Amino acid sequence: MVCFSNESYDKEVETLKVLSNGSVDGLIVSIANETLKNKEYKHFTDLVAEEIPLVLFDRVVDEILCDKVVVDDVGAGYKATKHLLENNRKKIALITTPNHVNVGALRRQGYEKALIEKYIKTDKNLIVEIDENFDIKKQIEKVFVEGLDGVFAVNEIYAANAMRIAKEKGVKVPKDLSIIGFTDGLISEYSSPSITTMAQHGFTMGKQAVELLIERIDKESEVYKPCLLYTSPSPR
């Protein structure tokens, strides 16, 4: 059974309430954006207290004691930015999520770490935190300043928007501007030119999450397990 919160806290609370009444044996969840913003996790801690098997993936928080499957987001942000730097890009923009979304915040840490290693000062004018309640494209346009030669976007939607803006401005990709995104999906593959991405290993993440949940349902482990997946650039 697959359910969608549409990033809504209320929808997530209601869905978990319905599912935890005996409808399912366990739950695999990526926390909704609004829940992370509100920092309201009682509906999850109640599940844990009731010993309902729970695995979090991708978006997780330390406050919820359960099994978790995550990408090494700091390492991914670092590798993505380093890839751009190694291709002689100096003025690199970051298109990311609001800071309360932990995956974006962690990828930003990796971005800043890579810049520091090259003695490049972080320029706040080159960082945009996207509020998806408003026009994404208009927000991304703010980082298209003079001399911009690299973009790291924390998901492929943002990367595709950056590609579109570059084309509209007559900027040649990848000759004049290199773009690297996150999540090796169809958008990245069929963009023209296709977008270099950090592979998120979605299939492996799902497989690991199910295996952890089955172990928890079968009570094969008494220790909560963090499962960390490593990623690297996937050039087209």
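In helix 9, the buried residues are Met 205, Ala 209, Leu 212, Leu 213 and Arg 216. Buried means under 20% relative accessible area, exposed means over 50%, and partly exposed lies in between, with a 1.4 Å probe and protein chains only. Down the axis of helix 9, these buried residues fall within an arc of 100°, so they line one face of the helix; the arc is that of the directions from the helix axis to the C-beta atoms. An α-helix has 3.6 residues a turn, so residues three or four places apart point the same way.

This is a predicted model, where local features need pLDDT of at least 70, side-chain atom pairs count only at pLDDT 80 or more, and totals for chains, interfaces and linings use all residues. Residues are numbered from 1 along each chain as its sequence is written, and side-chain values use heavy atoms, leaving out hydrogens and water. Helices (H or I, at least four residues) and strands (E, at least two) are DSSP runs, numbered from the N terminus.

What do the buried residues of helix 9 pack against? The partners are strand 1 (27-29), strand 2 (54-57), strand 3 (67-71) and strand 9 (226-229), with contact meaning heavy atoms within 4.5 Å. After helix 9 comes Lys 219, with a positive phi near 55°.

Val 210 also lies in helix 9, and counts as partly exposed because its relative accessibility is 40%.

Now the other residue. Ser 178 lies in strand 7 (residues 178-182) and counts as buried, at 12% relative accessibility. Leaving aside residues up to four places away in sequence, Ser 178 touches Leu 84, Arg 89, Asp 149, Gly 150 and Val 151.
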